[in-house]
Amino acid sequence: MADINGVRRSRTAGGVLVAATVATGLMAGTFYVFACAVMPALARSDDRVYVDVMRDINEVIENAVFLPVFLGALVLAGLAGWQSRRAPGRWWVWAGATAYALAFLVTVAGNVPLNDALARPGDPAALRERFEDPWLAWNAVRAALSTLATGCLAAGAAARVRTMSWAASGAVRREAVPGSPR
């Protein structure tokens with residue numbers, strides 16, 4: 001813990017908040033790319049190609065790069081919220097953690113069951129019919145929530161920096177004036 005002008009701050013807490021912001025930003029970008037490029041491109045495909053490619057994506061996305069960020073964003077955002085419980089900008093951090101928790105929940109309760117249903121054998125046209133529109137809707141929700149989470153966490157980090165800068169500048173001014181209390 002650092003003590004600046006009577007305000008205690010943890011460098012670790014700031015690092016966790018930055019890591020949470022980056023992780024949620026990566027997830028927001030992932031969901032955004034699906035909404036803006038991947039799914040519109042797949043929409044041009046016939047049913048068999050659409051189903052095969054989505055199955056492939058759902059299989060390969062469970063990897064050592066994606067999963068730690070997907071799960072880590074949840075853990076880091078929650079930890080950042082807990083560490084910020086008495087810090088400036090804590091409401092932004094809690095809002096960001098909550099928004100990402102909701103995005104995570106949407107993924108687990110909305111998109112993943114649709115992915116699992118798409119993996120089952122069946123007529124590609126029927127599978128696509130049951131999958132495409134609901135999956136796109138849930139993806140838009142999680143993209144919006146992850147983007148909101150990133151913005152809120154960034155606002156919380158900015159509030160933290162402003163307060164620390166203000167506290168540090170007060171400490172510097174007092175040291176510059178001879179005889180001022182420390």
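Which residues in α3 meet which residues in α4? The legends below take up this contact and two further views. This is a predicted model, in which local features need pLDDT of at least 70 and side-chain atom pairs count only at pLDDT 80 or more, while totals for chains, interfaces and linings use all residues. Residues are numbered from 1 along each chain as its sequence is written, and side-chain values use heavy atoms, with hydrogens and water left out.

**View 1. Helix α3 (residues 66–83) packs with helix α4 (residues 90–119).** Helices here are DSSP runs (H or I, at least four residues), numbered from the N terminus. F70, L71, A73, L74, A77, G78, A80, G81 and W82 in α3 meet V93, W94, A97, Y100, A101, F104 and T107 in α4, where contact means heavy atoms within 4.5 Å. By class, this contact of α3 with α4 has 13 nonpolar, three polar and no charged residues; Ala, Val, Leu, Ile, Met, Phe, Trp, Tyr, Cys and Pro count as nonpolar, Asp, Glu, Lys and Arg as charged, and the others, Gly among them, as polar. The two helices pack at an angle of about 150 degrees, with their axes 8 Å apart; axes are lines fitted to C-alpha atoms over the stretch in contact, and angles run from 0 to 180 degrees between N-to-C directions. α3 and α4 are therefore roughly antiparallel to each other, a term used for angles over 145 degrees.

**View 2. Helix α2 crosses helix α4 at roughly 125 degrees.** The axes of α2 and α4 come within 10 Å. That angle makes α2 oblique to α4, the word for angles that are not under 35 degrees (roughly parallel), over 145 (roughly antiparallel) or 65 to 115 (roughly perpendicular). V51, M54, R55 and N58 in α2 meet N115, L118 and A119 in α4, and by class this contact has four nonpolar, two polar and one charged residues.

**View 3. The largest pocket is lined by 19 residues.** A pocket is an open set of points on a 1 Å grid over the protein atoms alone, where a 1.4 Å probe fits, with protein on both sides within 12 Å along at least five of seven lines, and lining residues have an atom within 4 Å of a point. N58, I61, E62, V112 and N115 lie nearest the centre of the largest pocket. α4 gives the most to its lining, with six residues.
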